[in-house]
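Open the model in your viewer and keep the selection panel at hand. The stops below say what to select next and what is there.

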Amino acid sequence: MRVAAPRGPRTLSSRTAKAVATARQRAAFSPLYKQIKELILESLEAGEWKPGESIPSELELASLYQVSQGTVRKAIDELSAESVLIRRQGKGTFVATHHEDEVRYRFLRLASRHGQEKKEKPVSDFLACDFRKADQLELDLLELPPGSEVVEIDRVMRFDDKPVVFEQIILPADSFRALNLATLQKRLPLYGLFESEFGVSMIRAEEQLYAVAANAKVSELLQVPEGYPLLAINRIAYTYGDKPIEIRKGMYLTKDYFYRNSLN
């Protein structure tokens, strides 16, 4: 079954209408609720509903896409499970924003040795924010054309005023031209800053974990002996359209912490 063209009192913008047509063509043979999920994602990518804003009700979306309310609910349930949308009892469904605590730390899986996720908020010390030519690996991972620039951010994250994480963050320069140390030092959550200042939403991430020994630079920043064992985490983060938008290389001090994940 295919999704019918939207109709009724609430209509999509012309930009979103094009996205709907593209999504419908791509998802024509997927389950109906998957098609609705794809259409909602296309609307989010087009800016129809921005982070923190409410989306139309299930009844409105059902009317818009000419499907049952149950089909829309199943699509929204899946997007809520992926933290793309957030349901609020009695208020509706909202686009997730990294300015809220329930979303802000969903990619930070640091937990104490007792298995409880850290309650205190980490503090970031930004050390550098520099533009440069991307190397070949960065071009490949971010799917950038040859000769593209990136911006590299170095930071240390502190818990209880102790340095625990050193990160290098690589972003495509064309999406973050106005980024500088002064902007970073506004003390906003980093992904929240990307949303509000640059219109970039981080939707999902893929990570690789492995053990490394601290080099001279990292050992000084994390205040451990050179060669001290650390947990390295390499991340690729994606925005709407499954577009890679960030490379993150983190080194974690696990003396008092470990990396926690849930598998379903």
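Start with Met251. This is a predicted model. Leaving aside neighbours within four places in sequence, Met251 is in contact with Val164, Val165, Phe166, Val212, Val218, Leu222, Leu230 and Leu231. Show those side chains together with Met251.

Now colour by secondary structure. Met251 sits in strand E9, residues 243-252. Is Met251 buried, partly exposed or exposed? Its relative accessible area is 24%, so Met251 counts as partly exposed. Next, draw a C-alpha to C-alpha distance from Met251 to Leu222. The two are 29 residues apart in sequence and 9.3 Å apart in space.

Zoom out to the whole chain. The protein chain has nine helices and ten strands. It runs to 264 residues, of which 47% count as buried. Consider contacts between residues at least 6 apart in sequence: 60% of these join residues at least 24 apart.

**Helix H4**

Select residues 69-81, which form helix H4. How many residues does H4 have, and what does it reach from its first C-alpha to its last? H4 has 13 residues and reaches 18 Å, close to the 18 Å expected at 1.5 Å a residue.

Show the side chains of H4. Thr71, Val72, Ala75, Ile76, Glu78, Leu79 and Ser80 are buried there. An α-helix has 3.6 residues a turn, so residues three or four places apart point the same way.

What covers the buried residues of H4? The cover includes helix H2 (32-45), helix H3, strand E1 (85-88) and strand E2 (92-95). Show these four elements around H4.

Step past the end of the helix. Ser83 follows H4 and has a positive phi, near 65°.

**H2 against H4**

Select H2 along with H4. Their axes come within 8 Å and cross at roughly 60°. H2 is therefore oblique to H4. The crossing of H2 past H4 is right-handed.

Bring up the side chains at this contact. From H2 come Leu32, Tyr33, Lys34, Ile36, Lys37, Ile40 and Leu41. From H4 come Thr71, Val72, Lys74, Ala75, Ile76, Glu78 and Leu79. Colour them by class: the contact has nine nonpolar, one polar and four charged residues.

Centre on Thr71, a residue of H4. Why does Thr71 count as buried? Its relative accessibility is 15%, and the cut-off for buried is under 20%. Its neighbours within four places in sequence aside, Thr71 is in contact with Leu32, Tyr33 and Ile36.

**H3 against H4**

Show the contact residues. On H3 these are Glu58, Leu59, Leu61 and Ala62. On H4 they are Gln69, Val72, Arg73 and Ile76. By class, this contact divides into five nonpolar, one polar and two charged residues.

Val72 and Ile76 are among the buried residues of H4.

Notes:
Residues numbered from 1 in each chain as written. Predicted model: local features only at pLDDT ≥ 70, side-chain atom pairs only at ≥ 80, totals over all residues. Heavy atoms only, no water. Axes fitted to C-alpha atoms, helices over the stretch in contact; angles between N-to-C directions. Helix = DSSP H or I, 4+ residues; strand = E, 2+ residues; numbered from the N terminus. Contact = heavy atoms within 4.5 Å. Nonpolar A, V, L, I, M, F, W, Y, C, P; charged D, E, K, R; others polar. Expected span 1.5 Å × (residues − 1). Buried < 20%, exposed > 50% of the residue type's maximum accessible area, 1.4 Å probe, protein only. Parallel < 35°, antiparallel > 145°, perpendicular 65-115°, else oblique. Left-handed = near helix turned anticlockwise from the far one by under 90°.
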